[in-house]
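Hi,

Here is the structure I promised to pass on. Have a look at it first, and my notes on a few of its strands follow below.

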Amino acid sequence: MVSLNPIRILKNDAEEEKAEVARMSSFIGAIAIGDLVKSTLGPKGMDKILVSCGRNAGQVEVTNDGATILKSVGVDNPAAKILVDMSKVQDEEVGDGTTSVTVLAAELLREAEKLVEQKLHPQTIIVGWRIAVEAARQALAEASFDHEKNMNDAALRSDLENIARTTLSSKILSNHKEHFTKLAVDAVLRLKGSGNLKAIQIIKISGGLLEESFLDEGFLLNKKVGVHQPKRVENANILIANTPMDTDKIKVFGSTIKVDSMAKIAELEVAEKEKMKDKVNKILAHKCNVFINRQLIYNYPEQLFADAGVMAIEHADFDGIERLALVTGGEIVSTFDSPDKVKLGHCKVIEQVLIGDECLIRFSGVELGSACTIVIRGATQQVIDEAERSLHDALCVLAATVKEPKVVYGGGASEMLMAEAVSRAAARTAGKEAAAVEAFAVALRRLPSAVADNAGYDSAELVARLRAHHAQGENTMGLDMENGRVGDMKKLGITESYVVKRQVLLSAAEAAEVILRVDNILKSAPRRRGPDRRPC
């Protein structure tokens, strides 16, 4: 006789969600993540306080950066994790738009939930979304303007400054955006189109005011020179190393050395010093006058370097020596037996400088002429950290714009432009897919609506006015959040990078499509520990 009971193929503790339950679980998780960061969107967006637990218990972080918020929030919902990963990719690819991409993906899924309730199949919705993405991308590309063919320095700088102002206007630096716009544009223009942001170092020094931040045309290392060593070196030949300067340790586990007199201990110490001296002599054979090591140098080798008139800098972190090798043209070495095969770094002057209470080492006239350092000052560590994140976003966007100098108008103008193009595509689309295409347009309009809501204005009124302007072909109209009205973004100089907008559109659509395709969620059974049978 055949049993009518369902056959279970999963382990007892494994979980399974099927069909509508799985789909609704995905929708709820993704929409919750979108609502979490939606209030940070736009120039009047609010900040979040993140309080750490565990090892960094009590540490406080204040930010409105979408990627930072989502990275810090532990989520258990699989769909929510997809949006968190998407915001990380957006941050790594173009540096900005992390909040926009999360909110757009969440709004797409909010509209998809309504369509699924109307008995539209997910595959039908996906087909409609793909039609909408193509229409939106084409409209965005046609609306972008490119100065690449007749770009002169003044026009490029003006465009970059407008983009930097727009990026910084939603950050903590909004009150000082003119000052930091100049810093960011000057730093990116020094790269001469290479887009190599590793050549730009950001150093944070507590104290002072945000407007006291400055750009230093050189490389700054937050370390100190050894005792009795030269504090200034001209025409420096720099050996960059990652090597232990103490004596080699006995590496056999549990090994001990037994001696029968204090004289033997003294002999061991002398042998250790001879080993150190041999290593220092090998380093000096490279004919360098500056030695920088990632690890500690210790007192005796430091004394030997001082006697030889060599500047020695210890404990430079790995990121520091990697960047230093890049800007000085040197190589990081760990053995010193072949001086002729080692490439030394070079710079014109190395000297100690005092910034606030911090003593730093400045490398001027480095081989990579585009290298520079931005020093951020601020009253508290939280302000400095948020200023660094804001400046990093601006630098990434500017570097991407220099590589692909296409610009679109901000203030919701691009989103409304794409939404109108998608609505026209929906009118031309036959069948059920038209409902999905129109839903995509509704999701795009939710972005300027959220920006207006966060500023405390009547979003329904402003978005309706903005839509009417775009219906009449006024594609440069957007939301002027300073005055709470619809304004001409061209006159106001509110522009954004085309690369960022395109990435927001494509990433959000792809992530929403991945989540919409799900009809089954399987959670594996937790791993069980066996009994501990080791002897006490």
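Before I go on, some housekeeping. This is a predicted model, where local features need pLDDT of at least 70 and side-chain atom pairs count only at pLDDT 80 or more, while totals for chains, interfaces and linings use all residues. Residues are numbered from 1 along each chain as its sequence is written, and side-chain values use heavy atoms, with hydrogens and water left out.

Strands here are DSSP runs (E, at least two residues), numbered from the N terminus, and two of them pair if DSSP finds at least two bridges between them.

Back to that pair: β4 and β15 (residues 406-409) are joined antiparallel by 2 bridges. They belong to an open sheet of 3 strands, ordered β4-β15-β18, with antiparallel pairing. At its edges sit β4 (145-146) and β18 (495-497), each pairing on one side only.

The other strand to look at is β14 (residues 372-378), with 7 of its 7 residues buried (under 20% relative accessible area, 1.4 Å probe, protein chains only). Side chains in a regular strand alternate between the two faces of the sheet. In β14 both faces are covered: Cys-372, Ile-374, Ile-376 and Gly-378 are buried on one side, and Thr-373, Val-375 and Arg-377 on the other.

As for its partners, β5 (residues 200-206) runs parallel to β14 over 7 bridges, with Ile-205 bridged to Arg-377. Strand β6 (residues 214-216) is antiparallel to β14, with 3 bridges; there, Phe-214 partners Val-375.

Cheers

Technical notes. Helices (H or I, at least four residues) and strands (E, at least two) are DSSP runs, numbered from the N terminus. Buried means under 20% relative accessible area, exposed over 50%, partly exposed in between (1.4 Å probe, protein chains only).
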